[in-house]
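Student: Could we look through this structure together? I would like to learn how to read it.

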Amino acid sequence: DALSDSPNGNNKAFRRKGCVLIVTLFYANVFGSVFGTSPLEYTYTVERVPYTPHRVEEVVPMITPSFFSSKVPLNSVTAEERYNQPQYRLLRKRYGVQLKFVQSGAIGSFSLSHLLQCMATSMSLITLITTVGDVVALYLLPQSKYYRDVIYGMKEGELVDHTLSETDLTKKGM
């Protein structure tokens, strides 16, 4: 057993004074292939934090037999007073090893269904944004008549004939 280097270690072992260990995990499988399906590779390191003991203190409120036999009425001592006074509490100090895990790196795999779902969601949002923009421009803005003329290419109240006359067909060479 190695001796603790904590400030109050008093030449006691780590298991008696506690210590803090940091476990670092590094994952890597995304960069191994095009679709990120290479076998999972990981490395880990364990390091002790120097000069750091680990202790957990627990305060347990106690009621002693002398509390019941005393002449002091029960309601004169509140629960908070019993909790804070040394004669009415038990202080437990527990030492041990604290493990802290730190993860880093990249881990993942390619999913065609996830790709298609993201593409469909993106297209839906683009369509929604276009529709909302058109509704705002055509109906809510103060110059909506001007925007309507620009978008549809007609004046207000004017009907557009989409049929082609014979002269239009001859001009286009049909």
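Tutor: Gladly! This is a predicted model, where local features need pLDDT of at least 70, side-chain atom pairs count only at pLDDT 80 or more, and totals for chains, interfaces and linings use all residues. Residues are numbered from 1 along each chain as its sequence is written, and side-chain values use heavy atoms, with hydrogens and water left out.

Student: At roughly what angle do the axes of helix 4 and helix 5 cross?

Tutor: Helices are DSSP runs (H or I, at least four residues), numbered from the N terminus. Axes are lines fitted to C-alpha atoms over the stretch in contact, with angles from 0 to 180 degrees between N-to-C directions. For helix 4 (residues 112–140) and helix 5 (residues 144–152), the axes come within 6 Å and cross at roughly 125 degrees.

Student: Which residues of helix 5 make the contact?

Tutor: Contact means heavy atoms within 4.5 Å. Helix 4 contributes Ala137, Leu138 and Tyr139, and helix 5 contributes Ser144, Tyr147, Arg148, Ile151 and Tyr152.

Student: What is the phi of tyrosine 51 near?

Tutor: Most residues other than glycine have a negative phi. Tyrosine 51 is found in the loop between strand 2 (41–48) and strand 3 (55–61), strands being DSSP runs of E, at least two residues. Its phi is positive, near 60 degrees.
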